[in-house]
Amino acid sequence: MSSGKVIKIPKLERDHQEMAHVCIHWFRKGLRLHDNPALMAALTDCKELYPVFILDPYLHHTKVGINRQRFLIGALKDLDCSLRKLNSRLFVLRGKPEDVFPKLFNRWNVTKLTYEYDTEPYSLRRDERVASLAKEHGVDVIYKISHTLYNIERIIEENNGKPPLTYKRLQAIVQNLGPPKKPIPAPTLENMRDVKTPRSQKYEDEYRIPTLEELQLDSQFLGEELFPGGEQEALRRLDEHMKRTGWVCSFEKPQTSPNSLSPSTTVLSPYVTFGCLSARTFWWRLTEVYRGRKHSAPPVSLHGQLLWREFFYTCSVGIPNFNKMNDNPVCTKVDWDTNQQNLAAWREARTGFPFIDAIMTQLRQEGWIHHLARHAVACFLTRGDLWISWEEGQKVFEDLLLDGDWALNAGNWQWLSASAFFHQFFRVYSPIAFGKKTDKNGDYIKKYLPLLKKFPPEYIYEPWKAPRSVQQAAGCIVGKDYPHPIVQHEQISKKNIQRMKEAYAKRSSDNNESPIKKQGVKRNAPSVIEMLQKKSRKE
């Protein structure tokens, strides 16, 4: 029973309590604590914090490769572990965000929602719907730009409202903008001093991170996890690479090997894709290593690789229908063949070309392949040999690559198929000679196609040329144990160069001035940020 004594709360403290928010920070990409300005915005005037991740059926479906799903689960576990050290935790839910959030707004009495800005078309539509629902529920919305080095809209504005369609033009623009913003530190216990996250046992059970089996994925045939997901692993790998100052300073992407038995590049791309590693953190760590030392420069340097990412992100925002051939103003219209049998052979590593099949096997087993290996299989599928649309290859890479990124995937497939950006269609990767340049003995092929490991070096790239006695001695008969080549490369590649030449000629006649020469596509529609600003508050 009350003693009747009245406890007076100082006005400043009362005001703080009244304006303190119950906040959801929505993790999507950006699965990290370091350089996360939207998370820090969540902690401002916050009394309760709910860090949330939603397994969206549009993005996290069963067709997505199991390596990619495993990486995501690892990243979520790592994030949850880091949050628990701050006396918080991660709440994982399943469903469409527009269905999930109204329930959370009501259940937790939410007053503020924060998230990292995402430029993908689906993400923009999703965020617009969620921002509208938040407004209906009286919830403030704050988003921050931290997935890219720069504000992509600003780059487009600096180019007179058009996306720069060459790397050099992008370089000129960002040089005028100055270096990217410096990354901000991760939140500390001091930042969380007045913030609570409810952590009842009921919540532990209801909002836990699911297993692969609970996501209906069979993990029994999974190989070794070469690239574990998570922020801590990302920062560890970054530290290890930054210690190699000579290697970092002399790095030139084209000089790395597509078929080395261990990666000849950083393999930090999956961590940047999922946001376990901030691109800005990567940029500024490189800047520290470069300082006072002679170093390589863009486009081939490591800084250059981050600018390539920025280039394709900018194109994806400024060019309509960027992931399609039709209604994409910079993409050459090509009369690609529809051949499901050949597409399946490529996807399932059954083309009869060991170099191509080894690459596709590595992709399926490990979720990563070197960028020049991607060049080889992309050229083979499209303009080089099979004459199948780059959109089909894009789908396969999107599902199987750990670093599958909507903008980079679409941009690189257009580049490699010579549909946009790159126009030297007469330069074709040989599925035989290209691999030999860096691996004459075929050790890479032997690793990923052990069926062929007993073939001598002179036949490992072309086993169909081996005499029957050699095939028998190797324990692999071509046509029985390993397929015959599905095309004759020498003949078909020449035919396809002619077909590409005709597609280019038709483009020229249809459009007297190529969109490439115009240096961009004028944007008449309001910017994506402008659309979102109608429904949310950007701080």
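How many nonpolar, polar and charged residues does the lining of the largest cavity have? The lining comprises 4 nonpolar, 1 polar and 4 charged residues. The structure discussed here is a predicted model.

The model contains 5 cavities of 30 Å³ or more. The largest cavity has a volume of about 60 Å³. Its lining is formed by Asn67, Arg70, Phe71, Glu224, Glu225, Leu226, Phe227, Glu366 and Leu402. Helix α3, spanning residues 66-84, makes the greatest contribution to this lining, with 3 residues.

Tyr117, Asp118, Thr119, Ile145, His147, Thr148 and Tyr313 form its lining. By class, these residues comprise 3 nonpolar, 3 polar and 1 charged.

## The setting of asparagine 36

Asparagine 36 is located in the loop between β1 (21-27) and α2 (37-43). Is this residue buried or exposed? Asparagine 36 has a relative accessibility of 2% and therefore counts as buried, the limit for that class being under 20%. When neighbours within four places in sequence are set aside, asparagine 36 is in contact with His25, Phe27, Gly30 and Ile184.

## Aromatic pairs

A pair of aromatic rings is described by the distance of the centres and the angle of the planes. The count for this model comes to 43 aromatic pairs. One of them, between tyrosine 50 and tryptophan 108, is stacked, with 3.9 Å centre to centre and 10 degrees between the planes. Because tyrosine 50 belongs to strand β2 (residues 46-55) and tryptophan 108 to helix α4 (residues 97-108), the pair ties together parts that are 58 residues apart in sequence. Both tyrosine 50 and tryptophan 108 are buried.

The pair of tryptophan 308 and tryptophan 415 is edge-to-face, because the ring centres are 5.3 Å apart and the planes stand at 90 degrees. Tryptophan 308 lies in helix α13 (residues 302-318) and tryptophan 415 in helix α18 (residues 406-416), so this pair ties together parts that are 107 residues apart in sequence. Tryptophan 415 is partly exposed, its relative accessible area being 24%. Tryptophan 308 and tryptophan 415 also belong to a cluster linked by ring pairs, together with Tyr167, Phe311, Phe312, Phe322, Trp406, Phe421 and Phe422.

## Arginine over aromatic rings

Arginine 28 is positioned over the face of tryptophan 26, at 4.4 Å from the ring centre. Arginine 507 likewise lies over the face of tyrosine 504, at 4.7 Å from the ring centre.

Methods
Residues numbered from 1 in each chain as written. Predicted model: local features only at pLDDT ≥ 70, side-chain atom pairs only at ≥ 80, totals over all residues. Heavy atoms only, no water. 1 Å grid on protein atoms, 1.4 Å probe; cavity = no way out; pocket = protein on both sides within 12 Å on 5 of 7 lines; lining within 4 Å. Points joined across faces, edges and corners; volume = space filled by probe spheres on them. Helix = DSSP H or I, 4+ residues; strand = E, 2+ residues; numbered from the N terminus. Nonpolar A, V, L, I, M, F, W, Y, C, P; charged D, E, K, R; others polar. Buried < 20%, exposed > 50% of the residue type's maximum accessible area, 1.4 Å probe, protein only. Contact = heavy atoms within 4.5 Å. Phe/Tyr/Trp six-rings, centres within 6.5 Å; stacked < 30°, edge-to-face > 60°. Lys NZ or Arg CZ within 6 Å of the ring centre and 35° of its normal.
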